[in-house]
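I am opening a notebook on a structure that is new to me. I will look things up one at a time and write down what I find.

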Amino acid sequence: MPRPPARHGRTGRPPVTSRAQILAAARELIDRDGWEKLTVRRLAAELGIGATTLYHHIRDKEDLLVLLLSQHVAQAERPELPSAPKDRIVAAATAMHDALAAWPWAAEVLTSDGFVGLLDPSALWMVEAIVAGAEDCGRTPEEAVHVFRTIWYYTVGEVLVRARSPRRRGDDERPPFGETFDPARVPHLAAIGDRWPALAARDTYPEGLRALVEGLLARTPAVPAAPRDAD
């Protein structure tokens, strides 16, 4: 009995035809297995295509993660920003914090100062709002960048610490918190003792952000140097 003709092409998942399909599959993979396990090869296997085909759409894993983050930020709900520049900075930074808190791995990816140049323009409104707010408060462009970077470091640090803290709290092999505090050497820490974890777990980001912004903008605005007379 003759064999039936061989079937050509893949069955099941349709061929990848757009970047949107790639990003959707990558996000599904991250949500299921964690971003650390995302590789171009695993994603290609998930999509049922070769890694070479996938490289026609993305450069590497970092490029893929930045594209994912740009999409995530662009799709996040954009709050109506206040008219007062200082309040605009706080509102934009809070939106940035909330977007990262929903996807803590994104903060892991964006740990270099050059990440702003990698994001899609649609995802830069938070950065723009903070820089513009600082300039509207009298800061120079250079100082406005410093304002953003300081807020960024504070925000990323808070997000990463909170994302990692639950795993550390589950380590039953460690001695009870506070038992290692020697009153003779660290009397104030010893007095706080085992209350430290509960105190440290409080959500103080909004309060800290407001204080940080107030401090950054409290300095006397820089006075531009007078032009030198031509000789």
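**Entry 1: a charged network.** I began with the salt bridges. Arg-32, Asp-33, Arg-42 and Glu-46 are linked in a network of them. I count a salt bridge when a side-chain nitrogen of Lys or Arg lies within 4 Å of a carboxyl oxygen of Asp or Glu. In this network, the side chains of Arg-32 and Asp-33 meet at 3.3 Å, N to O. Arg-32 is partly exposed, at 46% relative accessible area. Asp-33 is partly exposed too, at 26%. My cut-offs are under 20% relative accessible area for buried, over 50% for exposed, and partly exposed in between, with a 1.4 Å probe and protein chains only.

**Entry 2: what I am looking at.** This is a predicted model, in which local features need pLDDT of at least 70 and side-chain atom pairs count only at pLDDT 80 or more, while totals for chains, interfaces and linings use all residues. Residues are numbered from 1 along each chain as its sequence is written, and side-chain values use heavy atoms, with hydrogens and water left out.

**Entry 3: the overall build.** How many helices and strands does the protein have? I found eleven helices and zero strands. From the N terminus on, the elements run α-α-α-α-α-α-α-α-α-α-α. Helices here are DSSP runs of H or I with at least four residues, strands are runs of E with at least two, and both are numbered from the N terminus. I also looked up burial. Of the 231 residues in the protein, 32% are buried.

Entry 4: I went back to the charged pairs. Side chains of opposite charge can pair when their charged atoms come close. The count comes to nine salt bridges.

One of them joins Glu-214 and Lys-86, at 3.1 Å from N to O. This pair links distant parts of the chain, 128 residues apart. Glu-214 sits in helix α11 (residues 205–217), and Lys-86 in helix α5. Glu-214 is partly exposed at 35% relative accessibility. Lys-86 is partly exposed at 29%.

Another joins Glu-158 and Arg-162, with the closest N and O atoms 2.6 Å apart. Both residues lie in helix α8 (residues 141–169). They are four residues apart, about one turn of the helix. Are the two partners buried or partly exposed? Glu-158 is buried, at 13% relative accessible area. Arg-162 is partly exposed, at 31%.

**Entry 5: the cavity.** The structure holds one cavity of 30 Å³ or more. On a 1 Å grid over the protein atoms alone, a cavity is a set of points where a 1.4 Å probe fits but cannot get out, and lining residues have an atom within 4 Å of a point. Grid points are joined across faces, edges and corners, and the volume is the space filled by probe spheres set on the points.

Which residues line the cavity? I listed Leu-69, Val-73, Met-96, Ala-99, Leu-100, Leu-110, Phe-115, Leu-119, Ala-123, Met-126, Val-127 and Trp-152. The elements that give two or more residues to this lining are α4 (61–75), α5 (85–102) and α7 (125–136). Helix α5 gives the most, with three residues. I sorted the lining by type: twelve nonpolar, no polar and no charged. Ala, Val, Leu, Ile, Met, Phe, Trp, Tyr, Cys and Pro count as nonpolar, Asp, Glu, Lys and Arg as charged, and the others, Gly among them, as polar.

**Entry 6: a surface patch.** Val-186, Leu-189 and Trp-196 make a nonpolar surface patch of about 220 Å². Patch residues have over 30% relative accessible area and no salt bridge; like charges are joined within 9 Å, and nonpolar side chains (Val, Leu, Ile, Met, Phe, Trp, Tyr) within 5 Å. Areas come from the Shrake-Rupley method with a 1.4 Å probe, and for residues only the protein chains shown count as cover. Trp-196 is in helix α10 (residues 196–200). Trp-196 is partly exposed, at 36%.

Entry 7: I closed with some C-alpha distances. Cys-137, in the loop between α7 and α8, is 7.1 Å from Leu-217, and the two are 80 residues apart in sequence. Ser-83 lies in the loop between α4 and α5 and is exposed at 69%. Ser-83 and Gly-133 are 50 residues apart in sequence and 9.5 Å apart in space. Gln-71 is in helix α4, with its C-alpha 8.1 Å from that of Asp-120, 49 residues apart along the chain.

Definitions and conventions:
On a 1 Å grid over the protein atoms alone, a cavity is a set of points where a 1.4 Å probe fits but cannot get out, and a pocket is an open set with protein on both sides within 12 Å along at least five of seven lines; lining residues have an atom within 4 Å of a point.
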